[in-house]
Amino acid sequence: MRGLLVSWMLMGVLAVAVRGGQQQDFSKVQIKATKVSGNIYMLEGAGGNIAASIGDDGIVIVDDQFAPLAEKIQATLKGLGITDKPVRFVINTHYHGDHTGGNAPFSRGGSTVIAQDNVRKRLVSGGTAGNGASIKKEVQPAEKADLPIITSEHDVTVHLNGEDIRALHFPSGHTDGDSIIFFPKNNVVHMGDDFVRYGFPFIDVASGGSVQGMISAMEKASAQLPADVKVIPGHGQISNLDDVREFTKMLKETSAVAQKALDAHQTLEQMKKEKILEPWTKWSGDFVNTDAFVETLYNSLTGTKGEFLKHN
């Protein structure tokens with residue numbers, strides 16, 4: 001399962017550059033739905049986890065993976081037998097293609113796409129995504145149908161299915177357009193890629209993300225959540241607040257070590273050579289390994305967008 005997750009994660013980053021993942025073969029992807037709490041479900045397929053509020057008023061989904069999976073996602077939602085009503089709203093947690101690739105087919109089907117202002121701006125402009133060093137992808141500008149129709153600077157609330165679904169903006173974490181989505185009635189939160197379960201996180205420094213912003217997002221969001229909240233991560237299994245706190249602790253500890261090295265005037269290559277993140281090797285993965293996360297920390301803490309140096 002870990003190998004499959006890493007494969008989809010890598011594909012997800014590639015899909016940032018190829019809108020909606022159209023060059024990938026999704027014919028064998030199956031969408032799995034898991035009840036999280038009350039009328040909130042988590043859908044897994046390829047790309048980011050989807051949260052779905054399903055009820056008499058219709059359906060709200062958080063993120064929509066890739067365009068070729070839209071019909072399968074719709075079929076899975078209908079197959080739950082809860083409602084025949086359509087997906088009325090799609091909320092994007094950020095702009096990456098493995099979370100927004102399905103915007104166009106859902107929009108054409110009548111759904112209204114909602115996001116933070118910077119999500120639309122980055123989809124319109126395209127550019128470069130990456131950690132400022134070894135992880136780099138060129139992002140093609142999105143088509144009009146991919147773009148969110150409603151955007152907000154700070155937060156927006158969708159009142160549907162007896163719940164006030166709150167999308168709150170947490171700046172400069174995974175990207176500069178992140179939203180964390182709260183389902184207070186059902187005691188569920190979708191963290192987007194500010195919290196993931198595949199190890200060291202991919203922080204898109206080139207798109208305004210930073211480790212400092214990710215730490216702030218996790219601390220501020222956690223302070224608003226009950227102890228028994230169900231947490232949907234951007235990628236990985238349903239989690240709890242202890243998992244979020246462990247993740248945040250890792251971010252703070254690794255940041256402190258990197259800052260200490262910076263204060264000692266160490267270069268990026270010296271930090272790698274001295275293996276400053278050795279105590280946290282359990283977090284290293286095929287997607288973001290230890291050296292790649294050292295790069296992320298270095299570029300976050302120095303405020304460097306990166307020159308995307310090639311490494312031997």
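1. Basis. This is a predicted model, in which local features need pLDDT of at least 70 and side-chain atom pairs count only at pLDDT 80 or more, while totals for chains, interfaces and linings use all residues. Residues are numbered from 1 along each chain as its sequence is written, and side-chain values use heavy atoms, with hydrogens and water left out.

2. Fold content. The chain has nine helices and 14 strands. Both are DSSP runs numbered from the N terminus: helices are H or I, at least four residues, and strands are E, at least two.

3. Of the 312 residues in the chain, 58% are buried (under 20% relative accessible area, 1.4 Å probe, protein chains only). Contact means heavy atoms within 4.5 Å. Among contacts with a separation of 6 or more, 68% join residues 24 or more positions apart.

4. Extent. Along the principal axes, the C-alpha atoms fill a box of roughly 60 × 40 × 35 Å.

5. Asn49, setting. Asn49 sits in the loop between strand S2 (40–44) and strand S3 (50–55). Its relative accessibility is 4%, so Asn49 counts as buried.

6. Asn49, partners. The side chain of Asn49 reaches the backbone oxygen of Gly236 at 2.8 Å. Leaving aside neighbours within four places in sequence, Asn49 is in contact with several residues, including Ile232, Pro233, Gly234, His235 and Gly236. Met42, Leu43 and Glu44 are also among the contacts of Asn49, as are Val62, Asp63 and His190.

Key. Buried means under 20% relative accessible area, exposed over 50%, partly exposed in between (1.4 Å probe, protein chains only). A polar contact is a pair of N or O atoms within 3.5 Å; within protein, one must be able to donate a hydrogen and the other to accept it, and residues adjacent in sequence count only if both atoms are side-chain atoms.
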